[in-house]
Amino acid sequence: MTPKSRTAAPVRAAIYARQSTAEPGQGVDADERHDKQIALCRSLAELRGWQVVEEYKEIASATTVRGPNTRWAAMLHAIEAKQFDVVIAVDLDRLLRTTRDLTKLIEIGAKVVTVNGEIDLASADGEFRATMLAGIARFEGRRKAERQKRANAARRTVGVPTSGRVPYGYRWIKTEERLKRGDLAAYELDDERAEDVRRMYRSFLAGVPLGSICRDLNAEGKRTIGTKRHPEGVPFRPTTLRRMLLSPYYAALLPLPREDGLAYGNENIRRDECVEGAWPAIVTPEEWEEAQTRLAHPERKTSPGPARRWLLSGLATCGATGCGEPIRAGGGEAGIHSYRCRSMAHFMRRGVPLDDFIERVIVARLSRADAVDLLTKHDRADVDELRAERRRLELSIRQAGDDEQDGLIGRPERVRLTKRANARLAVIDAKLQAGVDVDVLADVVGKPDVEAAWRDLSLGHKRAILEALMVVVVHSVGQGNRRVMSDEAMAKTVDIRWHTPGQSTP
């Protein structure tokens, strides 16, 4: 009796495909790169009669740490669990990046096959050949990285940025498209988002807090550029907006590589360290520098606070004798907006009529023929000189630090020089900030229909204008029904103190 013939089980194979970059819209798409590698590996498996049981797709550069949550780690775990017999890769440089990777595969007894030549890690000859090839692959990888670094630096000198996440407001132009156009520009405007960026700068330089700007953008359904983790983007936050305002890319300025090889921080980038970028600017370099100055100012407001959803909340003050506390808003959730003294002891009155009255006062003032004077009263003819002096002072502070390290001066001298420079910087920043406060009125004053222009402003912008024009002191309306009050009656319950001498309530 002959024994039953047994059919040999097919070799189980797993495919590992790695590529270095996952940024969309830059060259070949990530999925396409993976698909090409996998197609080649599957062809080899089919030729050998092997069964592909798993695919491991990885997006990681040659310097990315292969941590426990990576596809590489998952593959090693599966090898140790004997879930397949062989690993297929296009080439060793797709699979191995360091000799440690090779050592790990040898330790767990993995068999590796590459499309460009079979490697059997179970034999001494195979280990030796794999070690040699891994070393060569590492050498080629480092040499390629050095060439790429030099090429990137050369491109930056002519205003061409390296690949990376595209700034909000722009679209990436692929290299082949640039060649067709005969243009170096790596970015083109995304018109709708570019207008969002202009509004961000205008509002911020007008004195609107970052939190208010974000709230207005989010209320309009605006979101940041999508990522793999958040394809639809996420709501804007003050930290996001701050990073955008500090970015020189919006002024078409490209920082040159630092001599020490370190990366720039947005707060430390200076205009004289940049070259003109080969793409259209969304804001002027002066607006970008102004944003830098304001963001560095220690007294800058960042947010109106969670309760300040009404015009006067936190800005107007209580007129009760000896009080002077900012008023607070309440009742909005119940549909009855009201203002109260923070002490809760001096008054509570309906908020909508009071807000409407103050808005009418502001519109009337800004509709007057002499309102244009408000736009010129803070103009500075010395802005360029102040900025130049600011850059010189910052350079002197860095130079003093270098001189101390080199032993040319002692610590007391460095402290003295730095303290004097910082004192002058504070004066310059105050002057520069005073020079931009007036911009808050630019979207209203001189418009054919001031009232319509006012209605189109965001709440944050309206609050900034109110704060620039006046101080509002609110008194109690007394006993009785005060739901309907004339402007004349309302004016008797409110003191308006104009910042500009000689003004009066229209």
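**Figure 1. Helix H10 spans residues 285–296.** H10 has 12 residues and reaches 17 Å from its first C-alpha to its last. That is close to the 16 Å expected at 1.5 Å a residue, where the expected span is 1.5 Å times one less than the number of residues. Helices (H or I, at least four residues) and strands (E, at least two) are DSSP runs, numbered from the N terminus. The model is predicted: local features need pLDDT of at least 70, side-chain atom pairs count only at pLDDT 80 or more, and totals for chains, interfaces and linings use all residues. Residues are numbered from 1 along each chain as its sequence is written, and side-chain values use heavy atoms, without hydrogens or water.

**Figure 2. H10 is largely enclosed by the rest of the structure.** Nine of its 12 residues are buried (under 20% relative accessible area, with a 1.4 Å probe and protein chains only). Among them are Pro285, Trp288, Arg294 and Leu295. The run from Glu289 through Glu290, Ala291, Gln292 and Thr293 is buried too.

**Figure 3. The whole protein has 17 helices and 15 strands.** Of its 506 residues, 40% count as buried. Contacts are heavy atoms within 4.5 Å. Among contacts with a separation of 6 or more, 63% join residues 24 or more positions apart.

**Figure 4. Confidence is below 50 over residues 22–28.** The score is pLDDT, the predictor's confidence in each residue, from 0 to 100. The protein averages 78, and 75% of the residues score at least 70. Beyond near neighbours in sequence, residues 22–28 have 13 contacts in the model.

**Figure 5. Residues 302–307 also have pLDDT under 50.** The model gives this stretch 13 contacts beyond four places in sequence.

Note on methods
Buried < 20%, exposed > 50% of the residue type's maximum accessible area, 1.4 Å probe, protein only.
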